[in-house]
Amino acid sequence: MPVKSNAQSPVGSTGGPGILPERPAIVVLTGAGISKESGLATFRDADGTWNRVRIEDVATPEAFETDPLMVQSFYNARRAQLADVHPNAAHIALAELERRFPGEVLLVTQNVDDLHERAGSRALIHMHGELKKARCLNCGAVLSWPGDLTPDSPCDRCRRLGQLRPHIVWFGEVPLEMDRIQTALEHCRLFVSIGTSGTVYPAAGFVWTAGQAGARTVEINLEPGNGASLFDEAFYGPATRVVPEFLARLDLTAI
Ligand code: BV8
């Protein structure tokens, strides 16, 4: 699969450059498992999204070129679903960590939902994009887009019709803010991975980068992910129980 750059896309993060720490002491990576108990499907579990639809049909640039209506419908349905779900105890505990920790924390999520920001997290990077944004293929604008997208929706900035796509990083495209994430991983002292199967790169390799840099690495998941052997410690169970427990026990003065 050829890799395409998202260079036109200015920012993939929520916090914006002023808020995002460059050398945080703690980096947290989240995946679909953290939003499961809020009611959003994971991807690779038995009841996951990729067991219902094929990646090749909805989550590649080629799928969008071939059948934009099908791809827009897939993301319209997932965007609409956000109105019915709420942040859970794990999202809230991470937002509290950001407020409580005297140093800096960076939250990197593979999730395209908005539950971290609704829980109150600010130093947040959506490395795979955001459901509630659209990107214009003509002018590169990244627009807030809370409702449905259609193949002929006009761009709010350049007014061209039919140039908007979901602001989602599809397979074969380069994830957002990679330089910033790489620097953070190389300088953090604690790396925590939550609710991800460790299947999709480059996110699956973050534990290795952080570990090489000397960080303590912790996996929190329902069951061991693909990279389980790379972590120093692991806590298995549902995120709404294990994440608040882990963070409550964490000695913030020792990081
Ligand atoms: C890139 C779209 C280069 C958005 C997503 C071979 C051929 C072709 C390509 C490749 C190849 N090998 C590697 C690649 C690259 C490819 C890749 O990794 N493919 C894999 C599948 C082999 N990667 C890419 O193409 C990426 N781009 O590599 O560019 C590059 C990179 C850097 C610098 C320069 C160049 C682009 C990847 C982006 C793909 N986009 N989705 C959407 O529609 O949502 S990825 C998709 O998987 C999801 O979006 C999600 O973000 C991501 C990760 O999934 P998880 O979050 O881990 O979810 P999963 O279901 O797998 O796991 C859930 C976990 O939760 C489970 O472990 C479960 O046990 C746990 N769980 C469940 N319930 C709970 C729980 N845990 C706690 N509590 C619970 N209650």
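How far does a polar side-chain atom of Arg44 lie from an oxygen atom of the ligand? The distance is 2.7 Å.

This is a predicted model, in which local features need pLDDT of at least 70, side-chain atom pairs count only at pLDDT 80 or more, and totals for chains, interfaces and linings use all residues. Residues are numbered from 1 along each chain as its sequence is written, and side-chain values use heavy atoms, with hydrogens and water left out.

**The ligand site**

The ligand is surrounded by 37 residues, each with a heavy atom within 4 Å of it. Phe43, Arg78, Glu173, Thr196 and Ser197 are the closest. The table gives polar contacts, which are pairs of N or O atoms within 3.5 Å.

| Residue | Atom in the residue | Distance to a ligand oxygen atom |
|---|---|---|
| Arg44 | polar side-chain atom | 2.7 Å |
| Asn221 | side-chain N or O atom | 3.0 Å |
| Gly195 | backbone N or O atom | 3.3 Å |

Phe43 sits in the loop between α1 (33-36) and α2 (55-58). Helices here are DSSP runs of H or I with at least four residues, strands are runs of E with at least two, and both are numbered from the N terminus. Beyond its neighbours within four places in sequence, Phe43 touches Ala32, Gly48, Thr49, Trp50, Asn51 and Arg78. Contact means heavy atoms within 4.5 Å. Gly31 is twelve residues from Phe43 in sequence, and their C-alpha atoms are 9.6 Å apart.

**A helix pair**

Helix α5 (residues 89-100) packs with helix α9 (residues 239-249) at about 20 degrees, and their axes are 7 Å apart. That makes the two roughly parallel, a term for angles under 35 degrees. The crossing of α5 over α9 is left-handed: the near helix is turned anticlockwise from the far one by less than a right angle. On the α5 side, Ala89, Ala90, Ala93, Leu94, Leu97 and Arg100 take part. They meet Ala239, Thr240, Val243, Pro244 and Leu247 of α9. The residues of this contact divide into nine nonpolar, one polar and one charged.

**Backbone exceptions**

Most residues other than glycine have a negative phi, and most peptide bonds are trans. The bond from Tyr201 to Pro202 is cis, with omega near 10 degrees. Pro202 is in the loop between β7 (190-194) and α8 (206-212). Arg159 has a positive phi, near 70 degrees. Its loop runs between β5 (142-144) and β6 (164-168).

Conventions:
Axes fitted to C-alpha atoms, helices over the stretch in contact; angles between N-to-C directions. Parallel < 35°, antiparallel > 145°, perpendicular 65-115°, else oblique. Nonpolar A, V, L, I, M, F, W, Y, C, P; charged D, E, K, R; others polar. Polar contact = N/O pair within 3.5 Å; in protein donor to acceptor, adjacent residues only side chain to side chain.
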